[in-house]
Amino acid sequence: MIPINKRSIGTCIVLSLLTFGLYSIYWKYLLVKNTRFIIKDNSSCVGEMLCLLFVPFYSLYWWFTRGRDVRYEVSKLGYVASSHETAFLVLALFGLEIVAMAIMQNDFNSLPSESTQSDQQSALKKRDVGGIILTVLFAIVCLIYIIPIIEVFINSFKTNSSINQ
């Protein structure tokens, strides 16, 4: 039995769309944690998430290598992973990471889990500080970039309305 985060794929996609991608960052963080658990890497994944968010082309490398590692480790456990690292790479190249995330989540969901209801309740009570910090950090960075764009947009309306008068 494997203690991994099982999620409803449809719910994750809808929440990602409704939050304009903020939930997808948290979801990706959970996938990174699951991947690290399966490949038996107990170190923190905050650095890996920061690279995924801010280093160009790192996500392409990540999807390819982690897809390969997950497929290999899952097959060692006697299960079949439906995903393939090349498919992840192609999806990431075309900006369809949410599809790659759904496929990887499906692989994690298909693995047996040792969690019971009490384990799930205790896991809900326990805060995932790294994921929360990364989400807040990304939201702040987005606001830093979005506020000047909104100001330019508002100023362009003001200049257009003054020209029309």
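Analyst: Cysteine 12 is buried, its relative accessible area being 2%; here buried means under 20%, exposed over 50% and partly exposed in between, with a 1.4 Å probe and protein chains only. Cysteine 45 also counts as buried, at 5% relative accessibility. The structure holds zero disulfides, a disulfide being a pair of cysteine sulfur atoms within 2.5 Å.

The model is predicted: local features need pLDDT of at least 70 and side-chain atom pairs count only at pLDDT 80 or more, while totals for chains, interfaces and linings use all residues. Residues are numbered from 1 along each chain as its sequence is written, and side-chain values use heavy atoms, with hydrogens and water left out.

Of the 165 residues in the chain, 33% are buried. The chain has eight helices and zero strands; these are DSSP runs numbered from the N terminus, H or I of at least four residues for helices and E of at least two for strands. Among contacts (heavy atoms within 4.5 Å) between residues at least 6 apart in sequence, 68% join residues at least 24 apart.

The largest nonpolar core has 29 residues, and those touching the most other members are Trp27, Trp62, Trp63, Met104 and Phe108. Such a core is a set of buried Ala, Val, Leu, Ile, Met, Phe, Trp, Tyr and Cys residues joined through side-chain atoms within 4.5 Å. At least two residues of this core come from each of helix H2 (22–38), helix H3 (46–54), helix H4 (58–76), helix H5 (85–93) and helix H6 (97–110). H2 gives the largest share, eight residues.

Tryptophan 62 shows who its partners are: leaving aside residues up to four places away in sequence, Val32, Thr35, Glu48, Leu52, Gly67 and Met104 are touched by this residue.

The structure holds four aromatic pairs, meaning rings of Phe, Tyr and Trp (its six-membered ring) with centres within 6.5 Å; planes under 30 degrees apart count as stacked, over 60 as edge-to-face and the rest as tilted. Tyrosine 23 and tyrosine 26 form a tilted pair, 5.9 Å centre to centre with 55° between the planes. These two tyrosines are three residues apart in helix H2, and about one helical turn separates them. Tyrosine 23 is buried at 18% relative accessible area, whereas tyrosine 26 is partly exposed at 21%. Tryptophan 63 and phenylalanine 88 have ring centres 5.3 Å apart and planes at 45°, so this pair is tilted. Because tryptophan 63 lies in helix H4 and phenylalanine 88 in helix H5, the pair ties together parts that are 25 residues apart in sequence. Both tryptophan 63 and phenylalanine 88 are buried, and Trp62, Trp63 and Phe88 form one aromatic cluster.

Helix H4 also holds glutamate 73. Glutamate 73 is buried, with a relative accessible area of 11%, and touches Ile38, Ile39 and Lys40 when residues up to four places away in sequence are not counted.
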